[in-house]
Amino acid sequence: MAIDVLMPALSPTMEEGTLARWLKKEGDTISSGDVIAEIETDKATMEVEAVDEGTLAKILVPEGTENVKVNAVIARLAEEGESAEDIDDAPASDDSENTSKAQTEAKNAPETEGDGDDSDEASAEEGASAPPKPDEDSLTDPDVPEGTNFVDTSVRDALRDAMAEEMRRDETVFVMGEEVAEYQGAYKVTRELLQEFGDKRVVDTPITEHGFAGLGVGAAFGGLKPVVEFMTFNFAMQAIDQIINSAAKTLYMSGGQMGCPIVFRGPNGAASRVAAQHSQDYSSWYAHVPGLKVVAPYDAADAKGLLKAAIRDPNPVVFLEHELLYGESFPVPDIEDYVLPIGKARVRRPGADVTLVAHSRMVGFALQAAEKLAEDGIEAEVIDLRSLRPLDTATVIESVKKTNRIVTCEEGWRFMGVGAEICATVVNEAFDYLDAPPTRVHQKDVPLPYAANLEAMSLPGTADIIKAAKQVCYVK
Amino acid sequence: MAKTPSRSKTSKSPPKLQRDEALKYYRDMLLIRRFEERAGQLYGMGKIAGFCHLYIGQEAVVTGMQACLKEGDQIVTGYRDHGHMLACDMDAKGVMAELTGRKDGYSKGKGGSMHMFSREKNFFGGHGIVGAQVPIGTGLGFSNKYRGTDNICVTYFGDGAANQGQVYESFNMASLWDLPVVYVIENNQYAMGTSVARASAETELFKRGISFEIEGEEVDGMDVYAVKAAGEKAVKYARSGKGPYILEMKTYRYRGHSMSDPAKYRKREEVDDIRTHHDPIDGLKGRILEQEIATEEELKDLDKEIKELVKEAADFSLDSPEPDPEELWTDVLREVESA
């Protein structure tokens with residue numbers, strides 16, 4: 001059987017090219033790897049290497065021919081024992097035409113499908129092509145039995161307790177990060193873990209976020225459950241490639257083989273007077289990425305229950321804490337193994353007039369705003385998102401259907417932010433229920449300044465929420 | 001005693017080759033060569049798309065290293081990964097079907113050339129970001145030590161990745177914590193189109209561990225026996241709990257960086273010279289014939305067998321259907337097991 005030599009594609013986009021020069025002539029013996037011809041495209045000249053061996057029996061496309069289609073037969077090789085006379089010199093076989101036709105079709109297909117890409121709702125109804133959504137009914141907080149003792153606990157200690165409990169429960173859980181062991185944690189979140197678990201499981205790292213985040217990912221691939229602490233998420237920008245490209249995407253790219261059970265945790269957002277490089281809110285950055293879960297609790301009970309869930313989760317979880325909440329105390333139920341579901345919002349205050357949606361420290365401001373608004377006769381419903389991915393949009397929509405107004409509250413910048421996503425969802429799913437345009441409370445669109453007055457102006461707070469809530473209620 | 005990097009003192013090849021061993025290396029290298037040639041051809045036909053980085057010329061490195069490993073040892077590399085997968089005994093059909101983006105590929109068609117994995121064979125990828133596999137491999141070594149196994153992780157990266165910061169962050173931690181990792185730098189002389197001399201202040205990459213107290217060695221990466229000798233030493237070192245080890249494999253890729261690289265940054269004569277005088281497969285073939293380990297006829301039969309195997313893989317990869325549309329939504333997250 002003769003072997004067809006086809007016009008090769010030299011790049012993903014090449015469709016045709018010029019056959020510039022033959023470097024072998026009819027009758028020459030060809031070994032695989034020999035350069036047999038040169039091809040020109042608009043971008044480059046490249047050499048064509050033979051894949052098969054044999055004798056160059058027929059050259060079907062003479063040198064200098066332009067616009068030779070990819071996959072056209074350009075020559076035929078005779079195999080051992082064949083003579084050149086046996087070789088058919090028909091220019092192109094049906095087979096190759098079919099091939100290029102199929103390719104063209106394949107190329108067109110995604111474009112037409114792509115048009116429907118932003119209509120998630122439409123495809124959701126079809127079921128088959130919908131992304132799997134968590135069964136929201138199954139996401140319920142565990143019952144706290146009547147008579148349960150509540151212990152006032154700081155967010156800091158609640159986080160610590162969560163790690164300690166999970167480390168007692170599972171030998172493969174370990175904590176690593178800068179100053180987590182001997183120093184007892186830069187913010188004392190890992191206090192006394194070293195004493196209980198030893199330096200094998202509480203690992204002080206050098207100041208190399210990129211390296212130890214990647215090392216953690218490798219350890220997770222290797223079957224461990226790392227809890228990687230970033231001293232703040234501002235420093236995790238050094239490591240974001242490993243968080244997104246390695247931790248979040250590998251399960252998908254491996255067809256489900258490579259689970260990455262890892263928690264990246266640490267304080268996120270503004271602290272106090274530490275200026276722009278140490279004060280960024282990364283909520284929307286991580287929440288943007290499929291393959292991650294993103295949790296941002298407010299109080300101590302949620303911090304504990306959600307961190308325990310994050311450590312047990314078989315997926316990479318970005319756990320956003322807040323430095324200014326570490327020292328605040330909240331009642332935590334004294335229940336053995338208090339684990340909360342990731343992906344379920346909590347209605348912190350019921351109300352019928354306006355929905356305030358917040359996460360992390362902004363929940364506190366929203367609750368304060370609600371108290372003040374009540375004095376003016378406006379009953380605000382406060383929703384604590386707790387998790388940004390998955391995002392419990394059902395709870396938000398249900399609330400908006402009741403209040404007909406929504407104000408989103410976030411510490412980060414407005415532009416492309418968490419509020420933008422929530423408002424778009426509300427407009428999509430509850431448009432007819434809205435009595436006012438959805439409104440966002442957020443940080444001013446500048447790097448966070450150092451000066452006390454400017455910092456206060458830049459960050460959102462209770463007054464901003466009250467103002468926005470009154471605005472959507474059309475109250476002065 | 002201070003650790004000092006050195007050029008390999010291991011003799012180039014043992015005086016007498018063992019038949020089974022020699023033929024296995026010959027076969028394994030030839031499989032990679034023929035597989036890659038076929039992959040290049042399928043790329044030319046538009047059956048493989050995107051980025052595709054061929055391993056032709058570097059076959060001795062993975063073949064020699066693989067001979068040093070035992071059950072449970074892990075392998076991780078960058079995006080020039082086809083050879084590594086074949087060396088650790090992943091099925092050529094599954095690899096080729098991933099290249100063609102079909103459902104029977106190792107990643108169900110969702111990863112492609114640069115992103116393939118096999119938990120079963122302890123192949124941890126296939127990573128597309130230059131240098132990203134180095135902390136990951138270091139973490140795999142960490143997991144071995146944590147669990148108290150004597151397994152090691154072979155972490156491959158290229159001369160280009162050798163200039164990445166995360167590599168040195170990894171070296172530091174691996175040495176600090178005595179992690180069982182063998183870093184294999186596949187120095188094929190060009191990071192895409194930039195030669196080592198144009199990109200590296202210190203071109204002797206085996207010395208890159210000096211400031212981390214990691215021993216390093218330069219190895220003739222075109223000689224499978226030299227690779228194996230150096231590999232055994234490094235693997236033994238890491239396995240014994242002494243910490244990481246660096247091997248710089250001096251090797252060469254015959255093809256461009258990827259399929260769309262016309263390789264104008266080097267002379268044809270340079271490639272021809274390596275091909276003619278240093279080819280790892282021809283070199284071994286010459287020795288096999290010279291020492292009468294096998295006959296020309298036997299090697300020809302082996303060639304035929306490999307060709308057939310690769311043809312089957314190619315046919316399989318073209319017959320396998322595209323992934324089911326449902327697969328678009330799977331494997332984004334794992335289900336949480338209910339307590």
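**Entry 1. Strand E18 of chain A**

I looked up strand E18 (residues 354-358) of chain A and found it mostly covered, with five of its five residues buried. I count a residue as buried if 20 or more other C-beta atoms lie within 10 Å of its own, as exposed if 12 or fewer do, and as partly exposed in between, with C-beta atoms placed from the backbone. Strands (E, at least two residues) and helices (H or I, at least four) are DSSP runs numbered from the N terminus.

The model is predicted: local features need pLDDT of at least 70, side-chain atom pairs count only at pLDDT 80 or more, and totals for chains, interfaces and linings use all residues. Residues are numbered from 1 along each chain as its sequence is written, and chains are lettered from A and ligands numbered from 1 in the order in which they are written.

Which way do the residues of E18(A) point? I noted A:Val354, A:Leu356 and A:Ala358 on one side and A:Thr355 and A:Val357 on the other, all of them buried. In a regular strand the side chains alternate between the two faces of the sheet.

I then looked up the neighbours of the strand. E18(A) pairs in the parallel sense with strand E19 (residues 380-384) of chain A over five bridges; two strands pair if DSSP finds at least two bridges between them. A:Ile383 in E19(A) stands opposite A:Val357. Between E18(A) and E19(A) the chain crosses through helix H10 (residues 362-375) of chain A, and this β-α-β crossover is right-handed. The term right-handed applies if, with the strands pointing away from the viewer, the path from the first strand over the helix to the second runs clockwise. Strand E21 (residues 406-413) of chain A runs parallel to E18(A) and is joined to it by four bridges. In E21(A), A:Thr408 stands opposite A:Val357.

**Entry 2. Backbone details in chain A**

I found a cis peptide bond from A:Arg389 to A:Pro390, with omega near 0 degrees. A:Pro390 lies in the loop between strand E20 (387-389) and helix H11 (393-403) of chain A.

A:Glu179 is not a glycine, yet has a positive phi of about 65 degrees. I located A:Glu179 in the loop between strand E10 (173-177) and helix H4 (193-197) of chain A. Is A:Glu179 buried or partly exposed? A:Glu179 is partly exposed, with 17 other C-beta atoms within 10 Å.

A:Tyr474, also not a glycine, has a positive phi of about 55 degrees. A:Tyr474 sits in the segment after helix H14 (462-472) of chain A and is exposed, with 9 other C-beta atoms within 10 Å.

**Entry 3. The contact between chains A and B**

I looked up the contact and found 57 residues from chain A and 51 residues from chain B in it; two residues are in contact if their C-beta atoms, placed from the backbone, lie within 7 Å. On the side of chain A that touches chain B, H5(A) gives the most, with ten residues. The residues of this side divide into 27 nonpolar, 27 polar and three charged. Here Ala, Val, Leu, Ile, Met, Phe, Trp, Tyr, Cys and Pro count as nonpolar, Asp, Glu, Lys and Arg as charged, and the others, Gly among them, as polar.

**Entry 4. Chain B**

I recorded eleven helices and nine strands in chain B. Along its principal axes the C-alpha trace spans about 65 × 60 × 40 Å, and buried residues make up 58% of the 339 residues.

Strand E5 (residues 181-187) of chain B is largely enclosed by the rest of the structure, because seven of its seven residues are buried. B:Val181, B:Tyr183, B:Ile185 and B:Asn187 point one way, and B:Val182, B:Val184 and B:Glu186 the other way. Strand E4 (residues 153-158) of chain B runs parallel to E5(B) and is joined to it by six bridges, with B:Cys153 partnered by B:Val181. From E4(B) the chain crosses through helix H6 (residues 165-176) of chain B to E5(B) in a right-handed β-α-β crossover. Six bridges also join E5(B) to strand E9 (residues 245-250) of chain B, again in parallel, where B:Lys250 is the bridge partner of B:Asn187.
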